[in-house]
Structure formats: C-alpha cells, structure tokens
Amino acid sequence: MSTDVLIKGGYGGRVRVESGQLLEIVNVEGQQICDFFAFNVADLSETLSPPHTRSALRRIVLEVGDTLITRYRNPMFDLVEDTCGRHDITFPPCDPVVYEQRFGMKNHRSCRTNLAEAMADYDIPYGYLPDPFNFFQNTPILGDGRIEHRTSLARPGDKVVLRARMTLIAAGSACPMEGGVNGDRLTDIAFVVRDN
C-alpha cells in the first residue's frame, strides 16, 4: 500500500508516515529544492533537527546509512537511498524577510510560510517552526569558508528514501526561490509513502 502527495512548485504539503514505513522524496522534473521537515505525532515539539544530526554525525554531508535525529536526540529516520548525493543541512528556510531584504520582493512565497500553511491546523506558533533538511540543495562550502549558491544537481526522478523510526508528520516545501538554485523554473516534489 502506498500514499502519494504531490507538492506543487513554490508550495508546501504534508503526509503522515507510520513507524517502519518508507518515505520517498522525489524530484519530479529535476533541479527542485525540497525544504523538508518532520514532527513526532505523539509530541509535535519533537522535530527533525539539522543541528542535532550534524552533531551526531560530526559532518555536514549526508550518506546512505545515516540516522537523522530529533531535537531530543531520538532517531527519526534512516537514510536508505539517495540518487542525488548533494543536499544541505546548514541553511534555514527562506522566509518573507529574506525576500524583502535581499531581493526587495514583498509578499513572496517562502518555505517558512509554506510550512506554516501545511501545519496550520496544528496551531504551532510561527516562531517555533523548525529548520529544514534542504534536500537537493547545492550549496557547497568552499575552502575559504564561503558558501556558494549553485543550481541543484538533481535530475528528473532523483529521490531520497527515508525509513521512519517513529510515527510522524512529514512536511515539505518545493522551494519558491527563483533565480538559478531551482533551475530555470519551479517544479514539483512528490512524497511517496510505502510499506516496503
């Protein structure tokens, strides 16, 4: 049995994943960043945590076999497949402030507001929304410490497959940032939940 959710380019969505199920995060047309978030169904304050995962792994590059952990240092996912190999676990989500400050754009869609919309019925205060795993984001750290923004390397159909270690809500934003990081246009991300 599988459940599919299509997240339209520039927007957000979510799906429930039971403990032991697999979640495929699929880059439908390629080059689309997915800001990815997850919440423990039993306690929404327990969220997937990039900094705690970085601390546990002692690195910023994800590898198949890694365990992704929560802010309470519990295992939330195992990374079981990755056909892209280039992701980011250092950046916060884009938000209305960055679009206004850096680009002079008001009322632009953002990954943070996409998450707020996707989780609106849970009444999580905006300030408590977590930071993402930025799947398919190509932001290498250079030798001099600078971070470059490059176009995603994801090809059509590239995917990340995660095995849930607890029952959770997985949320994603097909990042609405134009101008190269997502290629020449915004495209869709698919969530596929399956038993095996």
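## Legends to the overall and close-up views

**View 1. Overall fold of the predicted protein chain.** Along the sequence, the elements of the protein chain in this predicted model run β-β-β-β-β-α-β-β-α-α-β-β-β-β, with helices (H or I, at least four residues) and strands (E, at least two) taken as DSSP runs numbered from the N terminus. The radius of gyration of the protein chain, 15 Å, is close to the 16 Å given by the globule rule for 196 residues, so the chain is as compact as a globular protein of that length; the radius is taken over C-alpha atoms, and the rule is 2.2 Å times the number of residues to the power 0.38. Three helices and eleven strands make up the secondary structure. The C-alpha atoms fill a box of roughly 40 × 40 × 30 Å along the principal axes. Of the 196 residues, 48% are buried (under 20% relative accessible area; exposed is over 50%, partly exposed in between; 1.4 Å probe, protein chains only). Among contacts (heavy atoms within 4.5 Å) with a separation of 6 or more, 76% join residues 24 or more positions apart.

**View 2. Glu-63 and Asp-82.** Glu-63 sits in the loop between α1 (50-57) and β6 (67-69). With a relative accessible area of 42%, Glu-63 is partly exposed. Asp-82 is 19 residues from Glu-63 in sequence, and their C-alpha atoms are 7.9 Å apart in space.

**View 3. The two ends of helix α2.** At the start of α2 (residues 96-103), a side-chain oxygen of Asp-95 comes to within 3.1 Å of the backbone nitrogen of Val-97. Just after α2, Gly-104 has a positive phi of about 65°.

**View 4. Arg-73 in a loop.** Arg-73 belongs to the loop between β6 and β7 (75-82). Its phi is near 65°, a positive value in a residue other than glycine. Arg-73 counts as exposed because its relative accessibility is 51%.

**View 5. Asp-123 in a loop.** The loop between α3 (111-118) and β8 (133-135) holds Asp-123. Although not a glycine, Asp-123 has a positive phi of about 55°. At 67% relative accessibility, Asp-123 counts as exposed.

**Notes to all views.** Residues are numbered from 1 along each chain as its sequence is written, and side-chain values use heavy atoms, with hydrogens and water left out. As the model is predicted, local features need pLDDT of at least 70 and side-chain atom pairs count only at pLDDT 80 or more, whereas totals for chains, interfaces and linings use all residues.

Methods
A polar contact is a pair of N or O atoms within 3.5 Å; within protein, one must be able to donate a hydrogen and the other to accept it, and residues adjacent in sequence count only if both atoms are side-chain atoms.
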